[in-house]
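This report describes the packing, strand pairing and backbone features of one protein structure. The sequence and model come first, and the description follows.

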Amino acid sequence: MNSLSLFYSKIRNLVVSLHKMNSFDFIFTEEFEKWLAEIRATDINRLRLKEASAFPFDKGLSLTQLECRRKAGSKIPELAQKIAYPTKVSIEQCSSQQPARMHASLFKGIKKVADLTCGLGVDSYYISQCVEQLASIDASPVVAEAATLNFSKLGCKNITVVNDTAEHFLQHHDNDFDAAFVDPSRRLTDDRNVRTIAIADTVPSVSKILSLLSERCRFLIVKASPMVDISQTIRDFPSISDIWVLSVKNECKELLFKIVRHNIPDNIYIHCINYAADKAHSYTAQRRKQPEVAKAKPEKGAYLYIPNSSVMKAGLYDDVAEKFALCAAADNSHLYFSHAQHPDYPGNIMEIADVFSMSKADVKRLSKSIEAAMITCRNFPMKPEELRKRLKIKDGGTHHIYATTTYDNQRLLILCLNRNVTSS
């Protein structure tokens with residue numbers, strides 16, 4: 001018997017001795033880690049084709065750990081190798097590490113909190129570090145079992161996992177907590193393609209949860225899709241006091257709504273947060289009618305200001321422009337200009353190298369000045385591919401062209417150096 005066969009034989013003998021243990025316990029053994037290291041680089045599709053008898057551990061759970069760990073490394077690096085994954089969708093649906101830490105910060109100073117949709121338990125883990133006691137609820141027995149084991153392994157002594165639906169838990173258990181968190185499922189059926197966006201239609205029902213919360217509960221934090229309609233959600237839930245729009249590397253990932261329990265707030269505050277490579281960039285403003293912004297044409301030597309994705313989703317682009325005294329190219333372009341540089345601006349700032357019209361002479365001059373550039377079209381009648389063909393330039397390079405239509409209906413090509421001046 002070769003060394004590898006002997007190794008597998010020892011593992012199979014170990015599995016027999018583990019039959020009385022929690023079904024996920026083998027995941028935390030040294031033997032499983034050694035086996036995982038052996039097959040870590042193997043193509044997952046090849047492994048799926050093997051018979052179950054070829055696996056020293058449960059085939060389904062073993063492959064689930066392998067797949068989830070591969071995805072978790074970048075999503076939840078602090079926990080990726082320390083927890084058991086009950087299902088493949090658990091890593092897809094869980095919060096990323098940076099947003100989860102932010103979620104937890106909303107509960108600082110609160111004694112008792114309920115996470116009504118535990119899932120993989122990432123939010124519960126971080127919230128538990130900010131509160132005295134946490135009840136973590138999940139309707140799936142398998143998920144609840146994995147969460148219980150994970151929290152034990154992570155040393156989270158102030159978390160109690162309850163295998164129940166959120167609605168049943170609130171109806172039949174002691175509703176004795178000060179605040180709650182819910183990340184409702186947007187999948188209404190088992191079909192991965194059938195989803196809802198509005199939080200009024202999710203599972204569990206946010207409306208029903210609100211009706212079941214005790215008077216002691218001060219607020220509910222609801223995590224929502226980045227596609228949700230903010231205005232409609234405010235109409236559906238008039239007790240919203242705060243909204244957070246979270247982006248990672250300028251891609252909008254989620255929205256959070258704080259629904260207070262006792263009074264309709266006089267004002268709603270929107271918090272735009274973008275997690276960049278080095279730090280989180282934030283901007284907060286009161287929700288109001290957006291101001292009129294002065295219009296102007298871009299000029300060589302000035303700076304082009306482009307709101308980040310959180311500001312765009314929140315609809316605060318003109319609010320930000322007013323604060324930083326910027327001018328807009330037009331109402332619908334969302335491109336702003338200034339001769340001053342504002343390092344705290346929530347978005348990209350690019351130096352304008354030159355400005356061209358769409359005349360034949362200017363198009364020819366632009367084509368001769370650069371060989372390649374990225375192209376973005378905003379409020380412009382051509383797509384980037386069409387414009388690139390017209391300009392006869394390649395993609396990439398050290399420049400970025402913003403094609404837009406100005407307030408007086410003039411079509412311009414703004415040539416910028418392809419870098420954010422605040423990071424230089």
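## Cavity

A cavity is a set of points on a 1 Å grid over the protein atoms alone where a 1.4 Å probe fits but cannot get out, and its lining residues have an atom within 4 Å of a point. Grid points are joined across faces, edges and corners, and a volume is the space filled by probe spheres set on the points. The model is predicted: local features need pLDDT of at least 70 and side-chain atom pairs count only at pLDDT 80 or more, whereas totals for chains, interfaces and linings use all residues. Residues are numbered from 1 along each chain as its sequence is written, and side-chain values use heavy atoms, with hydrogens and water left out.

The count comes to one cavity of 30 Å³ or more. The largest cavity has a volume of about 40 Å³. Its lining consists of Leu79, Ile83, Leu120, Gly121, Val122, Tyr125, Asn150, Phe151 and Leu154. Helices H7 (122-128) and H8 (141-153) are the elements that give two or more residues to this lining. Helices (H or I, at least four residues) and strands (E, at least two) are DSSP runs, numbered from the N terminus.

## Nonpolar cores

A nonpolar core is a set of buried Ala, Val, Leu, Ile, Met, Phe, Trp, Tyr and Cys residues joined through side-chain atoms within 4.5 Å. Buried means under 20% relative accessible area, exposed over 50%, and partly exposed in between, with a 1.4 Å probe and protein chains only. The largest core has 51 residues, and Leu116, Leu220 and Ile243 have the most contacts inside it. Strand E7 (residues 251-260) supplies the largest share of this core, four residues. A second, separate core has 37 residues, including Ala80, Ala104, Ile127 and Ala179.

Contact means heavy atoms within 4.5 Å. Not counting residues up to four places away in sequence, Leu116 touches Ile137, Ala166, Phe169, Leu170, Ala180, Phe181, Val182 and Ile209.

## Strand E5

Six of the six residues of E5 (residues 219-224) are buried, so this strand is largely enclosed by the rest of the structure. Phe219, Ile221 and Lys223 point one way from E5, while Leu220, Val222 and Ala224 point the other way. In a regular strand the side chains alternate between the two faces of the sheet.

Two strands pair if DSSP finds at least two bridges between them. E5 pairs with E4 (residues 179-182) in the parallel sense over four bridges, and Val222 in E5 is the bridge partner of Val182. E5 and E7 run antiparallel and are joined by six bridges. Ala224 stands opposite Leu255 in E7.

## Helix H15

Leu387, Arg388 and Leu391 are buried in H15 (residues 384-391). Seen down the helix axis, the buried residues fall within an arc of 100°, so they line one face of H15; the arc is that of the directions from the axis to the C-beta atoms. The face turned away from the buried side carries the exposed residues Glu385 and Lys389.

The buried residues of H15 pack against helix H14 (360-369) and strands E14 (374-378), E15 (399-405) and E16 (411-417). Lys392 follows H15 and has a positive phi near 60°.

## Backbone features

A cis peptide bond with omega of about 0° joins Val203 and Pro204. Pro204 lies in the loop between E4 and helix H10 (206-212).

Ala325 is not a glycine but has a positive phi of about 55°, in the loop between helix H13 (317-323) and strand E11 (327-328). Ala325 is exposed, with a relative accessible area of 60%. His334 also has a positive phi, near 55°, and is placed in the loop between E11 and strand E12 (336-338). His334 is buried, with a relative accessible area of 16%.

Definitions and conventions. On a 1 Å grid over the protein atoms alone, a cavity is a set of points where a 1.4 Å probe fits but cannot get out, and a pocket is an open set with protein on both sides within 12 Å along at least five of seven lines; lining residues have an atom within 4 Å of a point.
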